[in-house]
Amino acid sequence: MEFNIALVKGDGIGPEIVSGAVQVLEKIGEKFGHTFRFTEYLAGGCAIDACGVPLPEETVQGCRNSDSVLLGAVGGPKWDGLPGDVRPEKALLGLRSALGLYTNLRPAKLYSALAGECPLRPDIVAKGFDLMMVRELTGGIYFGERGRREGKYGPEAYDTEAYSVMEIERIARVAFEAARKRNKKVHSIDKANVLETSRLWRETVHRIAEEYPDVECVDMLVDNTAMQLVRNPSQFDVVVTTNMFGDILSDEASQITGSIGLLPSASLGATTCGMYEPIHGSAPDIAGQDKANPIATILSAAMMLRYSFSLLEEAACIEKAVDAVLDAGWRTADIIGSSTDRPLRGSEMTQKILEQI
Ligand code: IPM
Ligand code: MG
């Protein structure tokens with residue numbers, strides 16, 4: 001089969017990690033007889049430098065017309081001083097919104113080979129965990145009305161959280177469907193003891209839950225969830241929540257796996273064109289030094305094969321190769337722990353994975 005993939009390398013370590021994933025996809029293409037065609041588009045800080053805007057129209061069109069998008073990371077200190085609507089991050093939010101990618105899947109599991117990197121207590125680590133965070137991605141406070149105004153105590157700023165029944169229903173269905181293919185449990189996260197949006201969220205999730213009697217549905221408040229993630233992460237299977245709560249909780253979930261450098265993500269909408277990116281940022285401090293771990297981006301490419309192209313065997317082949325390399329003890333600097341071995345460079349890690357494919 002043939003697939004057109006838009007590459008948005010972005011800033012910082014973006015170009016190095018995307019290059020690792022492209023090599024892996026090319027190898028998969030050779031092995032399984034597929035052709036992947038790559039076209040590069042600018043977004044983020046590099047687009048601000050080249051075209052004056054974080055998300056050029058050409059990038060939006062190119063991504064829309066592709067079969068899927070592979071993204072590295074955007075942002076860096078160089079652009080931190082810019083006003084909100086022209087910051088590099090605007091490119092990410094803009095692409096998610098323009099492509100209608102309302103679902104963000106962020107799996108977080110403990111690799112047994114890396115259990116030593118997990119910051120949790122050994123008895124908690126021993127139980128392991130494997131959860132799927134389902135974050136709503138195109139609504140809520142990240143897209144609500146915001147601004148500055150004169151308030152009771154002088155100048156103030158405001159951001160608004162709004163969720164429609166339709167937005168909650170469609171993300172809840174994604175979560176219940178995902179749970180059906182996993183361990184049949186959904187935790188729905190909200191702050192229903194305070195927020196009206198959360199009360200609508202809870203009500204709506206309960207209604208959708210009735211369509212899935214085979215899946216257990218548990219409500220949990222977001223503050224308690226932050227605590228439960230470090231206290232007993234093995235209780236979670238699928239976790240569904242709003243844009244902002246999901247942003248925060250998914251960083252926490254990633255950290256308890258031992259390295260944010262390992263975690264992929266998929267952003268999906270109503271069509272098969274999705275956007276796939278590591279959940280970590282652009283790490284400007286190590287950019288261009290070939291130190292960055294390419295695994296999160298390589299696993300994001302595997303998610304693309306699975307969710308957008310339905311190439312299940314090919315996706316599993318990449319995941320098995322990553323498992324094998326980690327089991328064999330190969331480590332980049334972010335996951336080397338207290339070992340005194342020389343860490344692999346990013347390109348060497350890619351090479352090891354290619355050898356396993
Ligand atoms: C993420 C990031 C983004 C978000 C930022 C960079 C806009 O933190 O993908 O989690 O908040 O969604
Ligand atoms: Mg985030």
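# Close-up views of a predicted model

**View 1. Helix H1 makes a right-handed crossing with helix H10.** H1 covers residues 14–32 and H10 residues 295–307; helices (H or I, at least four residues) and strands (E, at least two) are DSSP runs, numbered from the N terminus. This is a predicted model, in which local features need pLDDT of at least 70 and side-chain atom pairs count only at pLDDT 80 or more, while totals for chains, interfaces and linings use all residues. Residues are numbered from 1 along each chain as its sequence is written, chains are lettered from A and ligands numbered from 1 in the order in which they are written, and side-chain values use heavy atoms, leaving out hydrogens and water.

The two axes come within 8 Å and cross at roughly 45°; they are lines fitted to C-alpha atoms, for helices over the stretch in contact, with angles running from 0 to 180 degrees between N-to-C directions. H1 and H10 are therefore oblique to each other (under 35 degrees is roughly parallel, over 145 roughly antiparallel, 65 to 115 roughly perpendicular, and the rest oblique). Ile 17, Val 18, Gly 20, Ala 21, Val 24, Leu 25 and Ile 28 of H1 touch Thr 297, Ile 298, Ala 301 and Leu 305 of H10, contact being heavy atoms within 4.5 Å. That makes nine nonpolar residues, two polar and no charged (Ala, Val, Leu, Ile, Met, Phe, Trp, Tyr, Cys and Pro count as nonpolar, Asp, Glu, Lys and Arg as charged, and the others, Gly among them, as polar).

**View 2. H1 also has a right-handed crossing with H11.** The axes of H1 and H11 (residues 312–327) come within 11 Å and cross at roughly 130°, so this pair is oblique. From H1, Val 24, Ile 28, Lys 31 and Phe 32 meet Glu 313, Glu 314, Cys 317 and Ile 318 of H11. Sort the residues of this contact and you get five nonpolar, no polar and three charged.

**View 3. Helix H8 (residues 222–231) has buried residues Val 222, Thr 225, Gln 228 and Leu 229.** Looking down the H8 axis, they fall within an arc of 105°, so they line one face of the helix. The arc is that of the directions from the helix axis to the C-beta atoms. Buried means under 20% relative accessible area, exposed over 50%, and partly exposed in between (1.4 Å probe, protein chains only). What do the buried residues of H8 pack against? Their partners are strands E5 (130–136), E8 (185–190) and E9 (216–221), plus helix H9 (243–255).

**View 4. Leu 71 sits in strand E3 (residues 68–73).** At 1% relative accessibility, Leu 71 counts as buried. Skip its neighbours within four places in sequence, and Leu 71 is in contact with Val 8, Val 18, Leu 92, Leu 95, Met 275, Tyr 276, Glu 277 and Pro 278.

View 5. Most residues other than glycine have a negative phi.

Conventions:
A crossing is left-handed if the near helix is turned anticlockwise from the far one by less than a right angle, and right-handed if clockwise.
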